[in-house]
Amino acid sequence: MGGGGGGGGGGGVVKDVGSKAQLDEALHGAAPVVVHFWASWCEASKQMDQVFAHLATDFPQALFLRVEAEEQPEISEAYAVAAVPYFVFFKDGKSVDKLEGANPSILANRVAKVTGSTSLVESASPASLGIAAGPTVLEAVKDMAKENNSSKNENANSDLSGLTTRLWQLVNSHPVFLFMKGSPEQPRCGFSRKVVEILKDEGVEFGSFDILTDNEVREGMKKFSNWPTFPQLFSKGELLGGGDIAVAMHESGELKDVFRDHGVPMNSKETKVAESAKDVSETSIPEKGGGISDSTGLNVELASRLRTLVNSSPVIIFMKGRPEEPKCGFSHKVIEILQQEKVAFESFDILSDDEVRQGLKIFSNWSSYPQLYIGGELIGGSDIVMEMLKSGELKKILAEKGIVPKVTLEDRLKNLVTSSPVMLFMKGTPDAPRCGFSSKVVNALQDEGISFGSFDILTDEEIRQGLKTYSNWPTYPQLYYKGELIGGCDIVLELQNSGELKSTLSE
């Protein structure tokens with residue numbers, strides 16, 4: 001692609017940028033500018049290139065530019081490009097937005113936003129596209145979907161084929177979509193339950209997906225959204241965040257603003273409160289204790305007792321039996337995990353009090369035991385606790401709540417660089433590198449038959465920035481041997497070319 005451009009828009013063509021000076025000159029024009037950072041080795045870049053070209057046709061008033069990310073390091077560094085495909089949006093010469101990853105729906109919406117287009121095309125098909133896509137890009141994505149379905153083997157490595165297309169369709173299938181543990185009627189973790197409550201309180205309709213029913217979706221969403229835990233809340237195809245972020249946005253009123261900005265219909269809170277009061281007055285029969293608790297439908301006395309119990313200790317487990325003598329294997333398992341993590345906790349034997357046993361099921365909307373609470377929030381049962389232990393989520397929550405000491409960044413870095421004799425900090429994973437330099441180092445190590453550990457620095461911004469200072473090395477990848485920095489891509493390739501790589505990593 002090439003040619004075209006100019007201060008009055010690109011006229012439907014994409015122009016390649018050969019230098020930073022050329023880009024700076026283009027930004028001085030009156031037209032909005034969209035820049036696509038791409039790489040020839042990246043399949044997702046190639047597919048998004050098609051969408052980019054079609055968007056240039058649909059929005060001729062904007063200037064569409066391409067930058068070969070690794071051929072133009074000065075430009076990539078200036079705009080903090082860490083992975084491709086990557087898009088930066090400019091208005092009046094200033095960067096106003098950015099987008100990382102292969103998502104035509106969001107790209108189309110962002111282009112429409114930066115160009116100020118008002119005559120947007122709404123389309124129910126395909127469901128995976130957002131409101132802003134014009135007719136040409138709609139056709140392009142339909143064609144891409146057909147290609148992906150008819151030649152899955154050919155496109156096995158494409159970020160837009162197979163699973164990614166399915167995930168992309170899921171997040172865009174409803175204006176508000178929640179990936180959660182369990183269902184809205186039966187959440188399987190306290191954080192998921194909290195977000196469901198928030199969405200109901202906001203008065204929005206939402207779609208949901210139970211990630212416990214599909215491990216492919218569960219693992220795929222972690223990479224797709226670059227967010228390692230669940231729940232994950234999306235609005236109009238864009239990730240808002242997890243449970244903590246949803247709570248904070250709800251409490252600050254920001255969530256309502258986001259939904260309003262996205263045109264998501266909301267029932268008024270006043271109407272809902274009135275209806276709720278009507279429901280309670282018409283259908284609830286007060287029991288002992290003077291009335292019904294608004295939040296659970298339990299009598300006020302029992303609800304108050306349960307609330308006091310779950311908050312009686314920073315960590316409390318409601319179990320069958322006692323920690324010294326569990327009466328079921330699931331309770332025993334959670335006790336083992338808490339003891340292994342050296343967590344101080346209290347317990348309550350639900351076999352000794354049937355009122356608590358039955359009431360807590362309603363109070364927590366969790367029908368089985370054990371139930372683990374941290375900081376007054378339900379974590380879940382044995383399966384959830386085990387899974388959180390494996391993923392590191394349990395330690396993270398315990399640290400956030402101040403129950404176990406927080407590990408300092410320096411300690412984390414020391415532990416990581418020594419976690420394997422040969423340790424590579426890279427963009428992406430050895431199976432799916434997300435930059436050419438990382439890919440070259442992985443190939444060099446594999447060619448020499450060297451086993452190594454790896455860490456994807458794109459998944460943890462704290463590690464990504466901290467390691468630059470720790471190693472006094474500003475770029476990635478970074479290769480370590482026995483905790484000592486060897487160097488980056490150039491040094492590794494030099495060692496390989498001189499025949500010294502294997503000996504250097506086995507001294």
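Glutamate 324 is exposed, with a relative accessible area of 60%; here exposed denotes a relative accessible area over 50%, buried under 20%, and partly exposed the range in between, for a 1.4 Å probe and protein chains only. The side chain of glutamate 324 meets that of arginine 322 in a salt bridge, with an N to O distance of 2.6 Å. A salt bridge is defined as a side-chain nitrogen of Lys or Arg within 4 Å of a carboxyl oxygen of Asp or Glu. Arginine 322 counts as partly exposed, at 40% relative accessibility. The structure is a predicted model, in which local features need pLDDT of at least 70 and side-chain atom pairs count only at pLDDT 80 or more, while totals for chains, interfaces and linings use all residues. Residues are numbered from 1 along each chain as its sequence is written, and side-chain values use heavy atoms, with hydrogens and water left out.

By the rule given above, the count of salt bridges comes to 20. Side chains of opposite charge can pair when their charged atoms come close. A further example is formed by lysine 333 and glutamate 336, whose closest N and O atoms are 3.6 Å apart. Both residues belong to helix H13 and are separated by three residues, about one turn of the helix; helices (H or I, at least four residues) and strands (E, at least two) are DSSP runs, numbered from the N terminus. An α-helix has 3.6 residues a turn, so residues three or four places apart point the same way. Lysine 333 is partly exposed, with a relative accessible area of 34%, and glutamate 336 is also partly exposed, at 34%.

Arginine 412 and glutamate 462 form another salt bridge through their side chains, at 2.9 Å from N to O. This pair links distant parts of the chain, 50 residues apart: arginine 412 lies in helix H17 (residues 409-417) and glutamate 462 in helix H19 (residues 461-471). Arginine 412 is partly exposed, with a relative accessible area of 27%, and glutamate 462 counts as partly exposed at 42%. Elsewhere, salt bridges with shared partners join Asp16, Asp49 and Arg66 into one network.

Strands S18 and S19 run antiparallel and are joined by three bridges, and tyrosine 481 stands opposite glutamate 484 in S19. Contact means heavy atoms within 4.5 Å, and axes are lines fitted to C-alpha atoms, for helices over the stretch in contact, with angles running from 0 to 180 degrees between N-to-C directions.

Helix H15 (residues 382-391) has the buried residues Ser382, Ile384, Val385, Glu387 and Met388. These buried residues pack against helix H7 (190-202), helix H8 (215-224), helix H13 (329-340) and helix H16 (393-400), as well as strand S14 (371-374) and strand S15 (377-380). Glycine 392 follows H15 and has a positive phi, near 90°.

Positive phi values are also found in residues other than glycine. Lysine 236 has a phi near 50° and is situated in the loop between S8 and strand S9 (238-241). Lysine 236 is partly exposed, with a relative accessible area of 27%. Lysine 342, in the loop between H13 and strand S13 (346-349), has a positive phi of about 55°. Lysine 342 counts as exposed, at 72% relative accessibility.

The bond from phenylalanine 230 to proline 231 is cis, with omega near 10°, and proline 231 lies in the loop between H8 and strand S8 (232-235). The bond from tyrosine 476 to proline 477 is likewise cis, with omega near 5°; proline 477 is placed in the loop between H19 and strand S18 (478-481).

Key. Two strands pair if DSSP finds at least two bridges between them.
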